[in-house]
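Subject: Structure for you to look at

Hi,

Here is the structure I promised to send over. Please open it first, then read my notes below.

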Amino acid sequence: MKTIGIIGGGQLGRMLAMAAARLSIRTVILEPQEDCPAAQVANRHIVAAYDDEAALFELAGACEVITYEFENVPEKSAAILSGERPVYPPARALSVSQDRLTEKTFLNDSDIATAGFRAVDTAEDLAAALETFGGRGVLKTRRFGYDGKGQWVFDGSDNNPEAAFAALDGAPAIFEEWIDFDREISVIAARGMDGTIVCFDPAENVHREGILRTSTVPANVSSQTGAAARAAAERLLIGLDYVGVLGLELFVARDGRLIANEFAPRVHNSGHWTEAACVLSQFEQHIRAVCGLPLIDPVRHSDCVMHNIVGDDMERIPQWMTTEGALVHLYGKAETRAGRKMGHVTVLEKRRDG
Ligand code: ATP
Ligand code: MG
Ligand code: MG
C-alpha cells in the first residue's frame with residue numbers, strides 16, 4: 001500500500017483523497033488552512049504554509065509519491081520535494097503553466113494554436129497591444145489568476161487602458177486577442193508512467209462572471225473538432241513528459257478554428273462529471289497515474305450536465321436532492337460565500353448514441 005502526499009487541501013485535494021481511499025491508498029495533505037475540505041477525508045493533515053521547509057520535508061518523509069491540487073505550488077517547494085520523492089505531474093508542468101506568457105509560448109511551440117498575445121510590462125506595451133489587436137482583447141495578470149480574477153476586457157469602445165494598467169499595480173501582464181467563440185470545450189487527459197495516454201470525452205463549458213457554471217457532455221462539436229482537441233492534449237502531455245491528469249481549455253472559434261486558452265496541470269473542474277458518467281473518475285485516473293498503476297480507458301456510459309454550486313446556489317440543494325438522475329457532491333465548506341464553489345451536481349441522461 002502506498003501513501004500519497006497532496007499539496008493543497010481544497011475540494012480537488014478532497015476528491016483526490018476520496019479516490020485514493022477507494023484504492024486503499026493513504027493520503028497526507030499539506031495545507032495551511034486547518035478546516036479545509038480535504039482535511040475531512042485525508043488520513044493526515046500537515047498544517048503549514050506551502051513553502052514551509054520543515055513541513056515539506058515532513059510531507060516527503062510521510063509518503064512515497066507527491067502530487068498537488070493547484071498549479072501555484074511555489075517553484076522552490078516543488079524543487080525541494082522533487083529532491084526527496086517523485087513529484088507528479090513533473091515540476092516543469094508547474095513552471096510552464098504558472099505564467100500565462102510561458103504557457104502560451106509552450107502551447108504554440110507544441111503546435112497548438114492560442115489567441116495572439118503580447119507581454120505587457122508598461123503602459124506603452126498595453127497601448128501597442130490594443131493597437132495591434134484592434135482595441136479588442138483581454139488584459140490578464142501573468143500569474144495567480146483564477147475564476148477570471150485579474151482580468152480586464154477591452155471590447156473596442158473606450159475602455160480606459162490607464163485605469164486597467166494602474167489596477168495591475170506593477171504585476172507583469174499579458175494582453176490577449178479577443179476570440180469570438182461559438183463555444184468553449186475542455187479535454188481531461190491522462191498520461192501514465194509507461195507513456196500510455198487516455199482522454200475523457202471533451203466537455204462543453206459555460207462560464208459566467210469568469211466562473212465555470214456548467215459542463216455538458218457530449219460537447220456539441222464535430223468529431224473532427226473533438227479529435228483535434230484530443231490530439232492537442234496528447235501533444236501537450238508528451239511535450240511535458242507528463243504523468244497524471246491534465247485539463248486543457250479550448251475555444252471553438254466562430255470560424256471553426258480550435259484555439260487553446262490555458263491548461264491546468266491537475267484534475268480540473270470541467271472534469272467533475274466523470275465521477276458520475278464514466279467507468280472511472282478523473283480523480284481515480286490521476287491517482288492511478290501518479291502511483292504507476294495502469295490507466296483505464298475512461299468509457300462514458302451516460303450523457304450528462306455538471307452544474308457547479310456557487311455561493312447562493314446552495315439554496316437549490318434540497319431541489320437537486322430530489323431531481324431524477326442528479327448526483328449531488330458537496331465539499332464540506334462551513335461557510336457559503338458569493339463566488340465560492342460549494343459543490344457540484346451531475347445530472348445523468350441516457351447516452352443518445354447508444
Ligand atoms: P480558470 O478559473 O479557468 O483558471 P482563469 O482566471 O485562468 O480561469 P481564463 O480561463 O483565462 O481565466 O478566462 C476565463 C474565461 O474568460 C474563459 O473561460 C473565457 O470564457 C473568457 N476568456 C478568457 N480569455 C478570452 C479571450 N482571449 N477571448 C474571449 N474570451 C476569453
Ligand atoms: Mg486558469
Ligand atoms: Mg480558465
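Start with S24. S24 sits in the loop between α1 (11-22) and β2 (26-30). Helices (H or I, at least four residues) and strands (E, at least two) are DSSP runs, numbered from the N terminus. The phi of S24 is positive, near 60°, and S24 is not a glycine.

Some background. This is a predicted model: local features need pLDDT of at least 70, side-chain atom pairs count only at pLDDT 80 or more, and totals for chains, interfaces and linings use all residues. Residues are numbered from 1 along each chain as its sequence is written, while chains are lettered from A and ligands numbered from 1 in the order in which they are written.

D241 also has a positive phi, about 45°, without being a glycine. Look for D241 in the loop between α8 and β13 (244-253). D241 is exposed, as 12 other C-beta atoms lie within 10 Å.

Next, the cis peptide bonds. One joins Y88 and P89, with omega about -5°. P89 lies in the loop between α3 and α4 (91-97). Another joins V217 and P218, with omega about 5°. P218 lies in the loop between β12 and α8 (223-239).

Now E209. Its loop runs between β11 (203-208) and β12 (211-217). E209 and G148 are 61 residues apart in sequence, but 7.2 Å apart in space, C-alpha to C-alpha.

The chain has three parts: domain 1 (3-87), domain 2 (116-177) and domain 3 (181-350). Those bounds come from an automatic or database domain assignment. The centres of domain 1 and domain 2, taken over C-alpha atoms, are 34 Å apart.

Best wishes

Note on methods: Buried ≥ 20, exposed ≤ 12 C-beta atoms within 10 Å, placed from the backbone.
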